[in-house]
Amino acid sequence: MRERRPSQTASSIALIRALAAQGLTDVPGFEDPVVHRLLSPGWSAALALTARRIRRMDAAKRARVLARLSAVPLRVRAIDVELERAVERGCRQVASLGAGLDTRAFRMKALSATHFFEIDHPATQAFKRGKAAALSPVVERLTYVAVDFERDALSARLRASGHRPDEPTAWVWEGVVMYLSDEALGATLRALAEASAPGSVLLVNYMEPGGRRGLAFMRHLVTRLWSEPLVGLRRREVMRAEVERAGFRASSDTGAADWARQLGAPFDPENPAANLRLLVAERPGAG
Ligand SMILES: C[S@@+](CC[C@H](N)C(=O)[O-])C[C@H]1O[C@@H](n2cnc3c(N)ncnc32)[C@H](O)[C@@H]1O
């Protein structure tokens, strides 16, 4: 990431969520009533233009485009389901790592009794805070923590922010580890394990290498142009080993085809989301 520029990938993901929130998605039950309010003027203009173009397409073309965009609403819904489960099972702290323009603290009523931590790169977080000041959180308490996973000591920042390592936390790491080096991934996982009371849950969304060649090329090109290169594509065995080495125990690892089945959404194996996955892991108790 560039030192002083807010993440552009975060805005691009928010744009796709804003399209889905207008009904421009094939994923049933997707809702995000506030995300459009977090976009910059440039991204808002891109949203209006893209929505208009999609609505003017014939049905077959529109279905193809919406299928291509479904990776984002699918992963959001899959994570929301797991997050609600973690909160029902006793996590009263929730942390969104690399939160970007995440809206969970402003839309998920199931989180109303939680202390929600938004953790992100300082440049992205400064932009988000400016925009989110006009929104009302639905959580009990919202705390922002500025951290660069490549440079800063997460443990110290968490302690200073009022996070309680003796209370279970649900950690949400969505759309981030694919941008992180192995060193940052390992250091962050160790810091999370250290701050995780037994019963804590880690939800980590990651991307495997591969996929359709043209698409993979475009993804790499665009993210490089934004100075957010995809340096952290990892296979499922690697992710599981990293998470378990840090002290978590993996309980499930699902892919976009599984989420689509669970949510009743169409899914074609050629879908660009095919190499996205969600690993769920728990912090076991001692003994
Ligand atoms: C693709 S966005 C995902 C945002 C959000 N989690 C979502 O799914 O909508 C990537 C996020 O990772 C954050 N990020 C990337 N590198 C980071 C780093 N070194 N330290 C902290 N955050 C980082 C960016 O600021 C951005 O918010």
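Start by selecting helices H1 and H4: Ile13, Ile16, Arg17 and Ala20 of H1 meet Val72, Pro73 and Val76 of H4. By class, this contact of H1 with H4 has six nonpolar residues, one charged residue and no polar ones. The model you are viewing is predicted.

Now look along the two helices. The axes of H1 and H4 come within 9 Å and cross at roughly 85 degrees. Since angles of 65 to 115 degrees count as roughly perpendicular, H1 is roughly perpendicular to H4.

**The ligand.** Keep H1 (residues 8-21) selected and show the ligand. Which helix gives the largest share of the shell around the ligand? H1 does, with three residues. There are 21 residues around the ligand, and the ones that come nearest are Thr9, Gly98, Gly100, Thr124 and Gly175. Colour the shell by class to find nine nonpolar, seven polar and five charged residues.

**Leu101.** Next, select Leu101, in the loop between strand S1 (93-97) and helix H5 (104-107). Is Leu101 buried or exposed? A residue with 20 or more other C-beta atoms within 10 Å of its own is buried; Leu101 has 28 such neighbours, so Leu101 counts as buried. Leaving out residues up to four places away in sequence, Leu101 touches Ala10, Ser11, Ala14, Val35, Leu38 and Lys128.

**The nonpolar core.** Clear the selection and pick Leu74, Ala170, Trp171, Val172, Leu202, Leu203 and Val243. These residues have the most contacts inside the largest nonpolar core, which has 81 residues. Helix H4 (residues 71-88) supplies the largest share of this core, nine residues. Then centre the view on Val172. Residues up to four places away in sequence aside, Val172 touches Ile79, Leu83, Val94, Ala95, Ser96, Leu97 and Leu203.

**H4 and H11.** At what angle do the axes of H4 and H11 cross? They cross at roughly 70 degrees and come within 10 Å. H4 and H11 are therefore roughly perpendicular to each other.

**Leu263.** Stay in H11 and select Leu263. Partly exposed residues fall between the exposed limit of 12 or fewer neighbours and the buried limit of 20 or more; Leu263 has 18 C-beta neighbours inside 10 Å, so Leu263 counts as partly exposed. Beyond its neighbours within four places in sequence, Leu263 is in contact with Val27, Pro28, Gly29, Leu74 and Arg77. Show Phe30 as well: Phe30 and Leu263 are 233 residues apart along the chain, with 9.9 Å between their C-alpha atoms.

**Ala63.** For the last stop, select Ala63, which lies in helix H3 (residues 59-69). Ala63 counts as partly exposed because it has 13 C-beta neighbours inside 10 Å. The distance from Ala63 to Asp26 is 7.8 Å in space, and the two are 37 residues apart in sequence.

Methods: Residues numbered from 1 in each chain as written. Predicted model: local features only at pLDDT ≥ 70, side-chain atom pairs only at ≥ 80, totals over all residues. Near = placed C-beta within 6 Å. Helix = DSSP H or I, 4+ residues; strand = E, 2+ residues; numbered from the N terminus. Nonpolar A, V, L, I, M, F, W, Y, C, P; charged D, E, K, R; others polar. Core = buried A, V, L, I, M, F, W, Y, C linked by C-beta atoms within 7 Å. Contact = placed C-beta atoms within 7 Å. Axes fitted to C-alpha atoms, helices over the stretch in contact; angles between N-to-C directions. Parallel < 35°, antiparallel > 145°, perpendicular 65-115°, else oblique.
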